[in-house]
Amino acid sequence: MLDSTSFRTYAHQLVDWMADYLESVEQYPVKSPAKPGEILSQLPAFPPTQSESMDQILDDFQSVVMPGITHWQHPQFYAYFQANSSFPSLLAEMLTATLGTQAMIWETSPAAAEMEIRMMDWLKELCDLPRDWAGCIQPGASEATLAAILSARERVSQFQINQHGFQGTDLKLRIYCSEQTHSSIEKAGRIAGIGSEGLAKIPVDGEYAMDPEALERQLIADKESGWIPTCVTACIGTTGSHAIDPLRKIAEICQKHGVWLHVDAAHAGSAAIVPAYREILDGLELADSYVFNPHKWMFTNFDCSAYFVKDPDALVNTFDIQPEYLRTRTQEVSNFKDWGVALGRRFRALKLWFVIRSYGVEGLQSAIRNHIEIAQQVAGWIDEHPEFERLAPTPLNLVSFRYHPQGTDDPAILNELNKRLNHSLNDTGKLYLTHTNLDGAYTLRLSIGQTNVTLQHLESAWALIQAHAKTTMFDLSE
Ligand SMILES: *Cc1c(COP(=O)(O)O)cnc(C)c1O
């Protein structure tokens with residue numbers, strides 16, 4: 001077993017490993033080439049009876065684990081939405097892990113609770129969010145959205161469902177999001193007992209944003225047929241195409257019909273750090289809750305999702321349960337266990353404090369602005385190329401496009417072509433991108449937000465994409 005002397009030795013060694021890894025991360029294939037089961041087969045079926053040496057464990061980490069890692073901190077990681085990170089964030093995570101503190105109630109670490117309050121204030125300043133809202137850190141946007149839907153459910157049922165469950169009620173609750181919105185809404189609806197059938201998916205316009213008139217028609221029709229409109233989720237920056245739902249219009253409709261409005265800006269929300277992009281949140285003050293993930297595009301290690309609510313009582317009354325063993329003398333301060341599903345909570349505010357102080361507001365702004373500017377340039381290259389096309393607008397840093405060689409217009413062939421192109425690019429190990437389906441078209445996505453991505457990376461990615469497009473076309477026509 002390790003004592004503190006050998007811990008010190010290995011910890012120093014690991015810090016060197018961490019710095020070496022991040023300096024040389026571009027030498028690794030971005031997407032792990034491991035086959036299913038390949039790592040599992042190298043992990044013994046039974047735990048070791050006797051203590052094993054740390055040297056052995058670290059050797060195995062290199063030889064068994066590393067080949068099965070997809071390198072999210074590789075600058076050419078363009079897949080999904082990035083989960084970017086930074087040195088100050090890593091330093092804070094070391095401290096958080098060392099303290100091993102639980103941030104569930106104020107007494108279990110006053111600094112964690114009060115730091116969380118202050119960091120939520122800082123995020124409101126950074127993104128110009130309504131100053132009178134309150135916030136807390138959730139593990140992810142999925143949990144934040146669940147908290148919003150549960151709060152909305154308790155608001156319409158006047159806390160009856162928390163008390164009695166759905167048994168004995170004939171409440172038909174309905175929630176709403178656009179056809180393009182993230183699967184986390186449907187999942188939250190299922191967990192909240194509203195069910196998939198209680199989710200109405202609202203049609204989108206030509207740019208994949210929610211059609212507010214269609215929303216209002218649905219709300220009116222639902223009320224007439226006995227549904228209780230409970231919660232609308234507007235998405236700022238959908239996962240498929242980064243569509244931005246028209247927030248102000250949606251908010252006005254929700255106010256008119258008395259429906260909770262939750263705003264999911266999990267990825268795109270970081271853009272509001274730059275004043276020029278704050279219009280994406282125009283109308284937010286009319287909403288009830290808001291989530292964005294510093295762990296996606298704000299240089300803060302996963303997990304760190306910032307959830308804000310207009311009326312913290314509505315949230316706390318939904319989650320508050322006071323068993324005797326958690327009663328303390330300090331009920332007046334924020335006990336964040338009452339702000340969501342989890343009781344035990346990591347001290348996640350610390351890494352926000354490190355990141356925001358180390359970057360400074362200007363540093364964060366210039367990093368985000370830079371990503372958006374690079375993405376706009378890439379969008380321009382695609383538009384200028386006769387054989388590529390964008391399939392959705394690029395309001396921020398996600399470029400949705402496909403290869404469309406002249407004379408090849410059969411939708412099925414174009415889909416096959418782009419699918420093969422996607423796989424052949426990822427197989428190079430030089431970059432990693434993922435796809436979505438927009439109106440039946442296999443669409444390639446470049447999410448440009450990794451901490452260290454530069455224009456040069458995109459230049460080499462674009463050259464590779466063009467070269468592989470040609471060979472994929474040639475192979476397909478063979
Ligand atoms: C990533 C994402 C989510 C889910 O976020 P988690 O933090 O992984 O739960 C939800 N909505 C949108 C729009 C996203 O981009």
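This report walks through a predicted model, taking the ligand, then the salt bridges, then the aromatic rings.

## Around the ligand

Let's start with the ligand. It is surrounded by 14 residues, and the closest are Ala141, Ser142, Asp264, Asn293 and Lys296. Sorted by type, the residues of this shell come out as 4 nonpolar, 8 polar and 2 charged.

Asp264 uses its side chain instead, where an N or O atom is 2.6 Å from a nitrogen atom of the ligand. Lys296 also brings in its side chain, with an N or O atom 2.8 Å from an oxygen atom of the ligand. On its own, the ligand has 380 Å² of accessible area, and the protein covers 86% of that. Two elements give two or more residues each to the shell, namely helix 5 (141-157) and helix 10 (294-297).

## Salt bridges across the chain

The model has 21 salt bridges in total. Take Arg131 and Glu125: they form one of them, and their closest N and O atoms are 2.7 Å apart. Arg131 is partly exposed, at a relative accessible area of 40%, and Glu125 is partly exposed too, at 48%.

Now for a pair that reaches further along the sequence. The side chains of Asp288 and Arg155 meet in a salt bridge, 3.5 Å from N to O. This pair links distant parts of the chain, 133 residues apart: Asp288 lies in the loop between strand 5 (260-264) and strand 6 (289-292), while Arg155 belongs to helix 5. Are the two partners buried or exposed? Asp288 counts as buried because its relative accessibility is 13%, below the 20% cut-off. Arg155 is partly exposed, with a relative accessible area of 38%.

## A linked network

Another salt bridge joins the side chains of Asp303 and Arg348, at 3.1 Å from N to O.

## Aromatic rings

Finally, the rings. There are 15 aromatic pairs in the structure. In one of them, Phe336 and Trp339 have ring centres 5.2 Å apart and planes at 65°, so the pair is edge-to-face. That label follows because an angle over 60 degrees counts as edge-to-face. Phe336 is buried, with a relative accessible area of 3%, and Trp339 is buried as well, with 8%.

Elsewhere, ring pairs link Trp17, Tyr21, Tyr28 and Phe61 into a cluster.

How values were computed:
Residues numbered from 1 in each chain as written. Predicted model: local features only at pLDDT ≥ 70, side-chain atom pairs only at ≥ 80, totals over all residues. Heavy atoms only, no water. Near = heavy atom within 4 Å. Polar contact = N/O pair within 3.5 Å; in protein donor to acceptor, adjacent residues only side chain to side chain. Areas by Shrake-Rupley, 256 points an atom, 1.4 Å probe, with all protein chains shown as cover. Helix = DSSP H or I, 4+ residues; strand = E, 2+ residues; numbered from the N terminus. Nonpolar A, V, L, I, M, F, W, Y, C, P; charged D, E, K, R; others polar. Salt bridge = Lys/Arg side-chain N within 4 Å of Asp/Glu carboxyl O. Buried < 20%, exposed > 50% of the residue type's maximum accessible area, 1.4 Å probe, protein only. Phe/Tyr/Trp six-rings, centres within 6.5 Å; stacked < 30°, edge-to-face > 60°.
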